[in-house]
Amino acid sequence: MTRNLFKKSSATARGLGDELRSILDDLDPAVGEPLLSRLSVDAHPTPLLVFTGYHSAGKSTLIEALTNRAFNIPIGSGVTTDAVTEYDWDGDVRLVDTPGVRADRPDHDELAERALQAADLVLFAVPVELFDDTLVAHLRDVLGRLAKSRQTLIVVTKAGTMEAAPGHREAAIEKALGSFEQVPWVECDAQYYLDGLDLAEVAPDDSAAFIEASGLAKVADLINSFASHQGELGRLSQPLQLVVAISLEASASLTDDPNERAALTVLARQRSALSKKRIHLADLLESRSAQFRSDAVRAATEFADGIERNEQAGELSEAMLEGHMATLNENLGTALERFEGAVKQVLEVQFDDLASEVMAIEESPYGRLAVQLGELETTSFDGRDVKVRPGSAPATAAPTWTGDLSKYLKQFNKFWGAGDGVKAAAGSNGHQVVLKVGHAFGKKFKPWEAVKTANTIGKVAKVGGVAIAVGLEAYSVFAEERAAVKAERARAERRRNITQEVLAQADSIIADALQAVRDDLDAVFKPEFQRIDAMATEIHGARSKRSDLRDRLTSIQERAGSALAILASSATTA
């Protein structure tokens, strides 16, 4: 391996490390700070050989055997190693014994993390009983998250205590590796080797048999083979592998946040409910307006019919005309009151229905989660209080938008009257629109407008009320028929004028009233839409930033992977 390659790989690792630090600075401190603290691993000219695996798997016994009892490590059936312990093996190698991995003792995992990150070679001790779910998860974590797939050797310990069918252990290791490439492995029984050492003076033949049966020579050969072919590669690869491992863990913290999904879902449902209700209200108000127009036309028709009946009987007097006009105004006033009541009822029913829908959204699974998120308080980060567990995401502070979400949800529920149930909706700000409806109907059918109608009717009545003589000559009959036709046309024109005038007044009332109602509704709905959109924009902004950070981390992983591939290729051809 050339000096230029050493320089290039070191420079690449240093540059990627600096870039990764800048990204970690942008993360939530609860995630970024622990990763930053792990990114700096002290350079070590002496190779680190780190032992990991289950408690009581024989890690300490293996170290004692490999070093011919150089360190007199305590060995027992319980959890004998509670701290990371380094042993300087003649100045050539540092052996690192780590606490056993146990699902119920995560502190042991934490103690082993730094040692595994810095390891040049990992000896993964597997008991003769082989793998369970916890040990499989730890193996894949070491190979994947810690990026030690090219620096790990598997040692099946205590092999002499239990026989296995040919291929059984190999198949178990292959299954445990899953999608990872094959890892070199060997069987041994370190205790046999130590027993052989104890028998060396008193029973040389038995000693040699135990040492041979231990298989420890195969472990030493495997380590030596790795050291000769990949030792220097391991030291150069370590910082690059560390960059890959930490960037992968950082990427995992940037996956789509289900809390954001919950908040965005609730906001979308709220906006949809408001939007549909606003459109439905417009349709219902138009329907009530059409009914009012129909009532106005009916009143005008009854007015015209009454006049014509009196005319045909020759009894249309001024008093009768005034009576018809009074009835017309009364019917129109009733129609207007019915219209006003219908508008109020529509608003009340629809606001109550909206309040119920808001409650249903809040009580949905996403709604309950969003409310809980909104009640969280964002906190500042204090690195001294953070506990990091390898293989699991650290506890993170609440996103900054959760505080805004809390304020918004409280305001939304109060504003739309859903906070304490539908009955409370009657006093909500949304229902204040209903109270304003009366002001929207200020334009009434005034008496002077009815008088104006009466004047028109009076003029038309004189034209239509021409007396027609009977029994005259043909010319007179023809003239009489012409007069009758003229009179009928005049009555039809009068009916049309009456209806058009009444409808014009009704349309004017409708236009003024509905415009006022629409203005009041817009004053309620539009700001709410703006608040929802602003809240959603804030959350989407956090997602966009996270996506950008993910892309940058992916780039770092790819470039570090390329550098590792170059190192591996150079080692193969060396």
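Reply:
**A close look at Ala 176**

Leaving out residues up to four places away in sequence, Ala 176 touches Phe 131, Val 136, Leu 139 and Arg 140. A contact here means heavy atoms within 4.5 Å. This is a predicted model: local features need pLDDT of at least 70, side-chain atom pairs count only at pLDDT 80 or more, and totals for chains, interfaces and linings use all residues. Residues are numbered from 1 along each chain as its sequence is written, and side-chain values use heavy atoms, with hydrogens and water left out.

Ala 176 sits in helix H6. Helices are DSSP runs (H or I, at least four residues), numbered from the N terminus. Ala 176 counts as buried because its relative accessibility is 3%. Buried means under 20% relative accessible area, with a 1.4 Å probe and protein chains only.

Next, the two helices. H5 covers residues 133-143 and H6 covers residues 168-177. Their axes come within 9 Å and cross at roughly 65 degrees. Axes are lines fitted to C-alpha atoms over the stretch in contact, and angles run from 0 to 180 degrees between N-to-C directions. From H5, Val 136, Leu 139, Arg 140 and Leu 143 meet Lys 175, Ala 176 and Leu 177 of H6. Five residues of this contact are nonpolar, none polar and two charged. In this grouping, Ala, Val and Leu are among the nonpolar residues, while Asp, Glu, Lys and Arg count as charged.

Key
Buried means under 20% relative accessible area, exposed over 50%, partly exposed in between (1.4 Å probe, protein chains only).
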